[in-house]
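Subject: Structure handover

Hi,

Here is the structure I promised to pass on.

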Amino acid sequence: MFPAENIRDWRLKDVVDPDGSKIGSLESVYVDTTTDQPFFAAVTTGIIGRHKLTFVPLTNATVAPGHIRVTVSKDLAKNAPSIDTDGELTLEDEPAVFEHYSLPYTPGVRRLARR
């Protein structure tokens, strides 16, 4: 489980990979609807004027005073499914997020909800 007490406190913190390379900034958290536990981070990535929200798993992530360290590499996250910064992850797009990180997914059941 992701060790932080208040989801709102995580917003805008840097998200870094195991080597400390910045992936982006946390925009929101998606919880697993079956457990209500944080499961994916929607991370603002890209260059100025061309930002997007990239999905990064929070499994075994840790919180430090200035950042959130995830267990996936920046390169893996860079190629992950993403949406526009004002977009929404649809049920149809959800399986691709899980597949990108080789995580199990049950088709036809909404697994993620934005918090």
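β3 and β4 run antiparallel and are joined by 8 bridges; strands are said to pair here if DSSP finds at least two bridges between them. β3 covers residues 37-47 and β4 covers 50-57. One place to look is V43, whose bridge partner in β4 is T54. β4 is also joined to β7 (residues 82-84), again antiparallel, through 3 bridges. There, K52 stands opposite D84 of β7.

Before going on, please keep in mind that this is a predicted model: local features need pLDDT of at least 70, side-chain atom pairs count only at pLDDT 80 or more, and totals for chains, interfaces and linings use all residues. Residues are numbered from 1 along each chain as its sequence is written, and side-chain values use heavy atoms, with hydrogens and water left out.

Overall, the protein chain has 3 helices and 8 strands, in the order α-β-β-β-β-β-β-α-β-α-β along the sequence. Both kinds of element are DSSP runs numbered from the N terminus (helices are H or I with at least four residues, strands are E with at least two). The radius of gyration is 13 Å, close to the 13 Å from the globule rule for 115 residues, so the chain is as compact as a globular protein of that length. That radius is taken over C-alpha atoms, and the rule is 2.2 Å times the number of residues to the power 0.38.

Now for the inside. Of the 115 residues, 38% count as buried (under 20% relative accessible area; exposed is over 50%, partly exposed in between, with a 1.4 Å probe and protein chains only). The largest nonpolar core has 28 residues, and Y30, F40, F55, V56 and V70 touch the most other members. β3 gives the largest share of this core, 5 residues. Such a core is a set of buried Ala, Val, Leu, Ile, Met, Phe, Trp, Tyr and Cys residues joined through side-chain atoms within 4.5 Å. Leaving out residues up to four places away in sequence, V70 touches several residues, including V15, I23, V56 and L58 (contact means heavy atoms within 4.5 Å).

Two loop residues are worth a click as well. D36, between β2 and β3, has a positive phi near 60° without being a glycine, and is partly exposed at 46% relative accessible area. S102 sits in the loop between α3 and β8; its phi is also positive, about 55°, and the residue counts as exposed at 67%.

Cheers
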